[in-house]
Each structure stands twice: as structure tokens, then as C-alpha cells.
Amino acid sequence: MAVAEAEARRTALIYATAMAIVGSVAPIAISMGALTGYYLLDADKSLASAPVTSFNLGVALGALPAAAVLRKIGTRGGFMFGTVVTALGGAIATAAIFAGNFWLFALGLLVVGGGGAFVQQLRFAAADDAPAAFKARAISFVMAGGIVTAILGPQIVIFTRELFAPVMFAGSFASMIVLAAVGAVVLSFLRPGVHSGQSVQVHAEPARPLAEIVRQPQFAVALLCAVSTYALMTFVMTGAPLAMVGCGFSPDEATLGISWHVMAMFAPSFFTGRLIMRYGAEKIVATGLVLLIACGVVALSGIALWQFWTALILLGLGWNFGFIGATAMVTNAYRPSEKGRAQGFHDFVLFSSVAVGSLMSGVTYNTYGWDMLNWVIFPVATLCLVALGMLILRRNRVAA
């Protein structure tokens, strides 16, 4: 067991480093996607957040293909292929900005999102390669790599958005190509043929139909909480840079707000896994939902810079506890022989919902303003808390 855990730690470290580097593409796409869309559009700016929607839609559409590629050729080759997709998307987005073509830019971010689907599989791969007692910590360990993205992604934006002036923002998206190349080098250190996302043993339990897996209360509630946590986070975060700039703050101040937010998303990952092991995933998810509610309260209290930043920090913390906790719940709801279809379906539903949330963010902000973005948090978070409570009560009745 000690040898297996040591090997799992080594693999998780590689995944965490890849998450830190290639994962930095996401905050670039999200923080600059809406602003670049605003820059490329003419008088009607209502579709400014559509490129961010394209990015999230790319992650959703890429979820099942990414899982299939990883299952077919293994994590080493599969994840390296994902970096190629990311680099291609960055190249298309950069060319679109130079051409002043909004829809080509949206297409570029769609492809970048396809590469992001592979990044999202890193957390599942870490859990698959870990002993049962180390699974939650392995997920948390990989997500901790996002701390670097909180610094690296926004700083790249600040230093590169005027790199090709007077063509704004092109440098930030060109940097995605470099990040993808460095990530490919890191992933090349995975042991080929060993950690392929597939168990080396034959599983005694046959795979159940997907419908049966999804109908389990554990899977259904975990998926509901993961979708709600991630979609709410994206819904509010996508509109935040637009709201900050609209309130007179500079793009750099908006970007730094996203930096604090991404830091809060990933910094707790060093101990989230231990908290899940000690208190249970459901309680950690509930804590995350309460933090999201706190975000809404702070955001509705005013439009000073500290209120924007504090709300974004609470939003990131709520996402961390809610999403990592829900991921841990999901990994306990399927058999090893079912993981490919269960994980692919989970991420397809998750990022489809996130894509809708990011699109509705721009529409909602332009129609109803910043306050409405935050009022939406309360009913959604309450629904999830009720579902968690019912799951816990059902489990206690079964145990009794």
C-alpha cells in the first residue's frame, strides 16, 4: 500500500503541475473572453460573454471524446493530445483578434474549451490511479495546482494584453500556445502504459447501464451540486469583469479581482481532501453552498472595489468546497468498470450547464444588471442544500 500511495503521489504531482500550467488557459479565456468580445463587437454588446460560453461549451462537447481518447490511448498520450487541441484553439483565437472577427474568436475559444475537457479529466485520473484511502486527497492535490493558475493566468493577461498593440488582447491568447507546449513537456513524464486511466485487473462487477448509474441518489445529488456550484460560479464570475469595468474600475483591477477569485478557488485544495475524509463529502459541499450564499450577500451590499473582490473570493471558496466535495461523492457512485461512461456523462452535463450559465451571464447583466446575477444564487443554493439533506436522511434511514 505504501508503494502504491507513493506512486499515486508522483502521478498526482505531475497532474497537479499540468493543471497549474495548462489550467492557466482557463482564467485567461474567462477573464479576457467577455472583454475581448466586447472589444470586437459593434454597437450591440449583448453577446459580449458569448466567447466565454463557447469556451465552456467546448469543455462540455469535449468531455465524452476526451474520456474516450484517454481510455483508448492512455493518459500520457491522451493528455498530451489535449495540449495540442489547446494550442490550436489559442492560435485561432489570436488570428481572429487580428482579423477583428468576433465569431472566429468564439470558435477559437470553443476549440480551447475542447482542450480544457482534457484538463478537467486530470482530477478523475488522479483518483483512478490512487488507493481508495487516498482518492479524495489525490483529487484535492491535483486541484491545488490551480493555485498557480490564480497567479500565472492573470499575470500573463496583465503583461501580454497589449503585447501586439494597437491590437488589444491578442498577446494574451497567443500565450495559450506557449502554456500548452510547456504542459506537454510536463505530461511526458507520466509512465507510459501504467497510469492509463484503466485498472490493470479484471473487474469482477460488470458495468451497469448508464441510466441505472445516473438514477442512484448519490450520483444524482452529487451531479446536481456539482452543476449548481460550477454554473453559479461561472454565472457570477463571467459578469464580474463587465460589472467592475462598468462601475469605473480599470481592466487591470478587474483582472486582479479574477486573480483573487481563482486563488480562492484552489488554495483550500491543500486541505479540502482531509476535511472530506474527516467530516464527509456532503458536509463539505453544504459548507461550499453556504459560502456561495455569503458571496451573494456581500455582492448585493455595494459596488466598492473591496465588495467586488470579497464577493469573488467567497465565490471561489464556495466553488472549491462544493465542487471538490461533489467530485468525491461522484467517484463513490460508480464501479471501476463504469468510470469512463460515468465521468464522461458527468462532465458533459456539468459543462453544458456551465456554458448556459456563462451565456446567460452577459444577457442577464446587460438586461437586469449586477444585482440580478447575485440574486440567482439564493434559490439554486437552497435547492442543493435541501437535496443534500434528503440524501443524508435517506442514508440514515437505510443504516437504521
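This short talk goes through a predicted model of one protein chain, from its overall build down to a few individual residues.

The mean pLDDT of the protein chain is 87, and 95% of its residues reach 70 or more. The stretch to treat with care is residues 194–203, where the pLDDT is below 50, although in the model this stretch still has 18 contacts beyond near neighbours in sequence. Where pLDDT is low, the predicted coordinates should not be read in detail.

Turning to the overall build, the protein chain holds 16 helices and zero strands. Its radius of gyration is 20 Å, close to the 21 Å that the globule rule gives for 400 residues, so the chain is as compact as a globular protein of that length. Along the principal axes, the C-alpha atoms fill a box of roughly 60 × 45 × 35 Å. If we take the contacts with a separation of 6 or more, 86% of them are between residues 24 or more positions apart. Buried residues make up 57% of the 400 residues, while the accessible surface comes to about 15500 Å², of which 70% belongs to carbon and sulfur atoms.

What does the interior look like? The largest nonpolar core has 123 residues, and among these Phe79 and Phe173 touch the most other members. The element that gives the most to this core is helix 9, residues 217–246, with 17 residues. Leaving aside residues up to four places away in sequence, Phe79 touches Tyr15, Leu70, Phe118, Gln121, Leu122, Ala125, Leu187 and Leu190.

Phe173 takes us to helix 7, where it is one of the buried residues, together with others including Met176, Leu179, Ala180 and Leu187. The 18 residues of helix 7 should span 26 Å at 1.5 Å a residue, and its end C-alpha atoms, 27 Å apart, agree with that.

As background, most residues other than glycine have a negative phi, and most peptide bonds are trans. Phe169 has a relative accessible area of 8%, under the 20% cut-off, and is therefore buried.

With 43% relative accessibility, Glu205 counts as partly exposed, and its contacts, apart from residues up to four places away in sequence, are with Arg335 and Ser337. Glu205 and Ser31 are 174 residues apart in sequence, and their C-alpha atoms are 44 Å apart in space.

Not counting residues up to four places away in sequence, Gln120 touches Val59, Tyr230, Phe323, Asp347 and Phe351.

I will finish with helix 14, residues 339–368, whose 30 residues should span 44 Å at 1.5 Å a residue; the end C-alpha atoms are 41 Å apart, which agrees. Just after helix 14 comes Gly369, which takes a positive phi of about 95°.

Methods:
Residues numbered from 1 in each chain as written. Predicted model: local features only at pLDDT ≥ 70, side-chain atom pairs only at ≥ 80, totals over all residues. Heavy atoms only, no water. Helix = DSSP H or I, 4+ residues; strand = E, 2+ residues; numbered from the N terminus. Expected span 1.5 Å × (residues − 1). pLDDT = per-residue confidence, 0-100. Contact = heavy atoms within 4.5 Å. Core = buried A, V, L, I, M, F, W, Y, C linked by side-chain atoms within 4.5 Å. Buried < 20%, exposed > 50% of the residue type's maximum accessible area, 1.4 Å probe, protein only. Rg over C-alpha atoms; globule rule 2.2 N^0.38 Å. Areas by Shrake-Rupley, 256 points an atom, 1.4 Å probe, with all protein chains shown as cover.
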